[in-house]
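We will take it one stop at a time.

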Amino acid sequence: MFELPRRALDVADQVERFFQRRVLPNNKLWEQQARAGQAIPDIQHTLRKEAKALGLWNMALPRLAEDEPGMRLSNLEFTAVAEILGRLEWGSHVFNCNAPDVPNMELLQLFGSDKQKEQWLTPLLEGEIGSAFAMTEPYAASSDPTNLETRIERDGDEFVVNGRKWFASNGSHANCELLILVGVTNPEGQKSQRQSLLLIPRHTPGISVVRNLPVFDHFSETNLHPELEFNNVRVPATNLLGEAGAGFAIGQARLGPARLHHCMRAIGECEVLISLMVKRSQSRSTFGKRIDEYSSTQAAISLSRIELDQCRLLVQQAAYLLDTVGNKAARKQISMIKVAVAKVYQDIADRCIQLHGARGVTGDTPAARAFGKARAFRIYDGPDEVHLQTIARLEANEQSLDGLEHYVHE
Ligand SMILES: Cc1cc2nc3c(=O)[nH]c(=O)nc-3n(C[C@H](O)[C@H](O)[C@H](O)COP(=O)(O)OP(=O)(O)OC[C@H]3O[C@@H](n4cnc5c(N)ncnc54)[C@H](O)[C@@H]3O)c2cc1C
């Protein structure tokens with residue numbers, strides 16, 4: 001039987017106890033406070049302090065330095081923890097393990113200068129500020145980042161930014177102090193060497209929020225996806241993150257862990273949905289039979305279990321590869337989990353809605369919201385088709401089985 005490392009199980013056990021004792025019982029309160037318009041519900045603040053005091057903090061960052069707060073869990077070790085956090089939409093925030101801050105912190109760890117780390121990484125690690133990653137543009141097909149149009153132009157000791165971004169998640173949130181923007185510094189360069197990454201303080205003059213975008217009509221102050229206009233936004237030239245022209249490569253480095261963490265959290269949410277399906281189908285009857293006695297119900301639950309366990313193993317494999325061979329060498333497995341988990345997440349949410357009948361489409365259970373999130377997940381962090389293209393390309397390059405001619409009869 002495959003087992004995660006002992007340390008992962010021990011930390012997961014600690015997180016589980018804190019989650020059951022302090023986080024889950026406060027879910028209704030969190031929702032009330034969020035609905036009342038609190039961008040960071042008060043209870044989230046309280047629980048963050050408690051989690052940090054217990055050392056259950058920054059668990060998704062394997063590269064933490066000795067003097068940085070948090071646990072140095074590997075990606076594989078974090079899989080066990082992330083599932084627990086994923087059971088609630090706000091779970092990761094309690095432990096400072098949430099997107100987009102975690103992948104942004106990874107970028108700063110890997111490519112930030114000492115001064116940039118002091119200014120931005122330290123407060124992010126402490127949980128004092130939030131951040132956003134602004135790559136996607138409304139007027140450019142952004143699943144191919146070489147299409148981006150936002151300009152970053154040098155003017156003396158400064159860069160000047162002009163353009164429009166959207167779906168820069170968290171970019172209009174009250175806690176957001178840092179935007180990591182991808183823009184074109186060298187329009188004449190090779191396609192993959194035109195972009196650079198720039199650190200922009202969120203409240204720099206010239207940045208305006210055009211609107212906050214709903215996701216399937218869902219809108220919440222806690223989880224904002226703004227469209228942002230950049231009009232002659234000026235920052236010091238020292239705010240460039242990494243080398244000029246390396247934006248494309250640096251952005252790719254961010255996406256491995258980001259995708260992995262989204263997949264891990266989705267698996268945790270799917271566990272909740274499966275449990276809800278089982279409970280509901282045991283508690284209602286139609287035509288003289290309990291709903292769980294119908295073979296269609298049994299198939300819905302069984303297929304969900306089979307598919308979810310397949311996904312978990314794939315995700316653990318991808319995490320192990322990320323730890324051992326790195327982001328680039330693990331990119332096929334990262335693309336594989338991105339496609340597989342998003343589909344299974346959507347299918348399980350769909351089945352959960354169906355088994356709940358009309359209640360399934362309301363907000364009384366997490367199923368309807370999960371369905372919307374899963375659908376969006378098939379687009380963000382790269383649409384399905386782009387990942388399938390990557391997998392097919394790598395698969396073609398990796399074919400190594402000898403003697404194929406012996407299997408084929410002309
Ligand atoms: C909830 C949510 C959160 C997001 N958060 C962020 C964020 O924090 N920061 C950020 O920068 N962006 C974010 N995004 C944006 C997301 O990453 C982009 O939407 C995604 O990369 C696709 O880009 P696009 O929307 O421009 O689609 P396009 O590039 O226009 O593609 C549209 C469609 O074309 C098809 N297509 C594209 N390429 C291929 C291909 N090779 N083969 C076949 N078909 C293809 C696919 O069906 C694809 O969905 C978020 C999006 C959502 C929905």
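A crossing of two helices is called left-handed if the near helix is turned anticlockwise from the far one by less than a right angle, and right-handed if clockwise. Keep that in mind for two of the stops below, and remember throughout that this is a predicted model.

**Stop 1: helices H6 and H7**

Select residues 114-126, which form helix H7, together with helix H6 at 101-111. Angles over 145 degrees count as roughly antiparallel, so H6 is roughly antiparallel to H7.

Now show side chains. From H6, pick Asp101, Asn104, Met105, Leu108 and Gln109; they meet Gln116, Lys117, Trp120, Leu121, Leu124 and Leu125 of H7. Coloured by class, this contact has 6 nonpolar, 3 polar and 2 charged residues.

**Stop 2**

Is the peptide bond from Ala99 to Pro100 cis or trans? It is cis, with omega near -5°.

**Stop 3: the domains**

Zoom out and colour by domain: domain 1 covers 6-112, domain 2 covers 130-241 and domain 3 covers 251-397. Taken over C-alpha atoms, the centres of domain 1 and domain 3 are separated by 21 Å. Their contact uses 19 residues of domain 1 and 21 residues of domain 3.

Which elements give two or more residues to the side of domain 1 that touches domain 3? They are helix H4 (75-85) and helix H6 (101-111). H4 supplies the largest share of that side, 7 residues. By class, the domain 1 side divides into 11 nonpolar, 5 polar and 3 charged residues.

**Stop 4: helices H8 and H11**

Next, select helix H8 (residues 247-283) and helix H11 (residues 367-377). These pack at an angle of about 150°, with axes 11 Å apart, which means that H8 is roughly antiparallel to H11. The crossing of H8 and H11 is left-handed.

To see where they touch, show these residues:

- In H8: His262, Ala266, Glu269, Leu273 and Leu276.
- In H11: Ala367, Ala370 and Phe377.

The contact of H8 with H11 has 6 nonpolar, 1 polar and 1 charged residues.

**Stop 5: around the ligand**

Centre the view on the ligand. How many residues surround the ligand? There are 21, and the closest are Met135, Ser143, Ser169, Pro383 and Glu385. Strand E1 (130-134) and helix H12 (384-398) are the elements that give two or more residues to this shell. H12 gives the most, with 3 residues.

Bring back your domain colours here: the shell draws at least three residues from each of domain 2 and domain 3. Switch to colouring by class and you will find 13 nonpolar, 7 polar and 1 charged residues around the ligand.

**Stop 6: a loop between two strands**

Finish at Asn170, in the loop between strand E3 (158-166) and strand E4 (176-184). Check the backbone here: Asn170 has a positive phi of about 80°, although it is not a glycine.

Technical notes. Residues numbered from 1 in each chain as written. Predicted model: local features only at pLDDT ≥ 70, side-chain atom pairs only at ≥ 80, totals over all residues. Axes fitted to C-alpha atoms, helices over the stretch in contact; angles between N-to-C directions. Helix = DSSP H or I, 4+ residues; strand = E, 2+ residues; numbered from the N terminus. Parallel < 35°, antiparallel > 145°, perpendicular 65-115°, else oblique. Contact = placed C-beta atoms within 7 Å. Nonpolar A, V, L, I, M, F, W, Y, C, P; charged D, E, K, R; others polar. Near = placed C-beta within 6 Å. Domains from an automatic or database assignment.
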